[in-house]
Amino acid sequence: MDIFVQQIINGLTLGAVYAIVALGYTMVYGIIQLINFAHGEVVMIGAMVSFTIINALAAAGLPPLAVVLIGAGCAIPVCMLVGYAMERMAYRPLRLAPRLAPLITAIGVSIILQHLAMLVWSRNVLAFPQIIPLTTYTFLGATITGVQITILGLCLAMMAGLALLVYRTRLGTAMRATAQNPQVARLMGVDVNRVIAATFIIGAGLGAVAGVMVGTYYGVAQYTMGSVLGLKAFAAAVLGGIGNIPGAMVGGLLLGVVEALGAGYIGDLTDLCRYGLGPAASCADGGHFVLFGSNYQDVFAFVVLILVLVFRPSGLLGERVGDRA
Amino acid sequence: MLLELKGLQVNYGGIRAVKGIDLVVREGELVCLIGANGAGKSTTLRAICGLLPAAAGSIRYAGQDTAGAPVHELPRRGLVMAPEGRGIFAQLTVEENLAMGAYTRSDAGVARDLERQYEIFPRLKERRTQTAGTLSGGEQQMLAIGRALMARPKLLLLDEPSMGLAPRLVAKIFEIVREIARQGVTILLVEQNARRALEVANRGYVMESGSITLAGEAQGLLENPKVREAYLGETA
Ligand SMILES: Nc1ncnc2c1ncn2[C@@H]1O[C@H](COP(=O)(O)OP(=O)(O)OP(=O)(O)O)[C@@H](O)[C@H]1O
Ligand SMILES: [Mg+2]
């Protein structure tokens with residue numbers, strides 16, 4: 001029972017981060033139908049920049065929260081600049097090109113950013129300094145850490161803030177109008193280029209915070225960390241319905257929970273001794289012969305992605321094609 | 001002269017859709033542009049809005065050449081189009097669609113203008129929180145017109161506002177167009193429904209495969225035997 005609650009808590013924490021990253025994919029897709037495969041690298045750059053700053057300040061004796069906030073405060077503008085630059089230099093010139101061209105370009109941008117990061121930070125793993133005291137709370141027989149609570153709270157606040165921006169402001173209305181019909185949006189006086197740039201910048205800013213959070217959570221950051229994280233967040237966006245903002249939030253949280261439960265139970269469920277199939281030597285005295293351990297955690301996101309693509313390509317909250325006026 | 005086209009040519013790739021037309025709209029006028037399917041009417045309007053470049057000739061709006069002006073700049077100068085096929089934002093609510101019409105404005109009159117649209121189109125008020133995609137065709141057309149009016153246009157370009165509507169609604173739309181003109185908005189109206197358009201307009205142009213073939217006072221065109229035969233469905 002506690003392992004169930006525990007994995008739900010762990011899953012929601014990571015899932016909230018996936019949701020924040022997934023929003024970056026889905027907002028860009030919604031507005032220009034581009035899967036920005038380089039978005040995972042933006043998250044990675046956010047983690048690397050913040051780790052550099054946090055490590056530099058670790059010995060300064062500032063309160064840990066202030067150190068992390070300064071790290072995030074530096075990562076956000078850097079990532080926003082990267083997001084703006086990739087839209088401006090890589091994608092905007094291809095706005096009218098066949099859809100495959102910007103897609104391949106996105107993969108190229110991803111490779112370039114990853115290798116630039118390798119040149120700047122080397123192949124080494126950056127470690128998060130031991131500055132945050134471990135605080136834990138017990139909740140329904142499971143443990144939740146202060147970091148987890150902070151991540152969850154921050155992610156929910158960012159989702160609420162983004163929802164307010166998209167559904168309650170002039171810029172948000174212009175973003176949705178542009179997503180539905182850019183030509184008519186221009187006729188209404190919307191500078192579509194600026195709205196698209198703003199979408200990239202907002203998504204990159206969210207990605208930066210996600211990078212700081214995921215780095216803090218795992219305690220490590222490396223130039224390759226964006227690939228799998230980006231793909232998982234993309235899977236979350238597809239699960240929710242790519243292009244759909246509430247969908248990305250739901251998809252992220254759900255994917256995190258599926259992944260955590262999968263990782264929590266796969267060992268037990270694939271223990272051949274349970275079924276009397278394991279080699280006698282291993283199973284003697286309550287021993288185990290586990291086929292798939294929790295190191296298979298990363299597989300679940302992609303199993304979910306494949307299942308969604310096969311059975312419900314429009315995603316959980318996805319819109320039918322043809323809703324465009 | 002609010003709008004002046006001189007020798008305007010517009011191409012789609014190698015196809016010349018508008019073949020050098022002259023057209024003027026004076027302040028306060030309601031001018032209609034009629035013609036058969038594929039004559040080049042919508043193409044002309046798209047060029048005026050900057051959605052398509054002029055291959056030759058010039059477009060002057062309020063005394064300025066519009067060449068090179070970005071599309072989103074023109075509504076700020078009072079040039080507003082309600083495009084063919086309505087072009088409403090289906091997943092935005094009715095009220096958000098109207099708000100998009102006032103996107104270029106930040107003056108205090110926006111709220112009052114919103115109420116005005118609701119007075120003109122009470123159906124829109126009833127459905128203000130509904131997504132626009134759920135409106136009927138006629139309601140969508142009213143929304144498209146209301147949205148264009150929210151920009152406080154000086155020159156309103158209407159591309160076939162009566163398209164696909166039942167006769168009773170067609171009459172209502174033309175009544176509204178006439179009313180908008182009476183309130184001082186200059187209008188260039190593109191229509192298939194030549195009789196109705198000429199009945200509300202001051203002047204008219206007839207377009208045939210990319211060229212203007214007839215122009216003049218609306219009354220005169222209504223009585224012109226060629227127009228009667230080709231566009232009003234009467235045998236000479
Ligand atoms: N995007 C396009 N690419 C190529 N040709 C086009 C395009 N749009 C229109 N045309 C052609 O240009 C010509 C003029 O089209 P336009 O839409 O201006 O006609 P219209 O007078 O508005 O007709 P309708 O009354 O049917 O709306 C037509 O022959 C049409 O086939
Ligand atoms: Mg047309």
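Me: Which of the 13 residues around ligand 1 come nearest?

Reply: Happy to start there. In this predicted model, Asn37(B), Ser42(B), Thr43(B), Glu84(B) and Gln192(B) come nearest to ligand 1. By class, the shell has four nonpolar, six polar and three charged residues. Helix α1 (residues 41-48) of chain B gives the largest share, three residues.

Me: What makes the pair between Glu84(B) and an oxygen atom of ligand 1 a polar contact?

Reply: A polar side-chain atom of Glu84(B) lies 2.6 Å from an oxygen atom of ligand 1. The cut-off for a pair of N or O atoms is 3.5 Å, so this pair counts as a polar contact. Ser42(B) passes too, because an N or O atom of its side chain is 2.7 Å from a ligand 1 oxygen. With Ala39(B), a polar backbone atom is involved, 3.2 Å from an oxygen atom of ligand 1. As for cover, the protein takes up 63% of the 630 Å² of accessible area that ligand 1 has on its own.

Me: Why is Leu307(A) called partly exposed?

Reply: Its relative accessible area is 45%. Buried means under 20% and exposed means over 50%, so Leu307(A) falls in between and is partly exposed. Leu307(A) sits in helix α12 (residues 297-311) of chain A.

Technical notes
Residues are numbered from 1 along each chain as its sequence is written. Chains are lettered from A and ligands numbered from 1 in the order in which they are written. This is a predicted model: local features need pLDDT of at least 70, side-chain atom pairs count only at pLDDT 80 or more; totals for chains, interfaces and linings use all residues. Side-chain values use heavy atoms; hydrogens and water are left out. Helices (H or I, at least four residues) and strands (E, at least two) are DSSP runs, numbered from the N terminus. Buried means under 20% relative accessible area, exposed over 50%, partly exposed in between (1.4 Å probe, protein chains only). A residue is near a molecule or strand if one of its heavy atoms lies within 4 Å of it. A polar contact is a pair of N or O atoms within 3.5 Å; within protein, one must be able to donate a hydrogen and the other to accept it, and residues adjacent in sequence count only if both atoms are side-chain atoms. Accessible areas come from the Shrake-Rupley method with a 1.4 Å probe; for residues, only the protein chains shown count as cover. Ala, Val, Leu, Ile, Met, Phe, Trp, Tyr, Cys and Pro count as nonpolar, Asp, Glu, Lys and Arg as charged, and the others, Gly among them, as polar.
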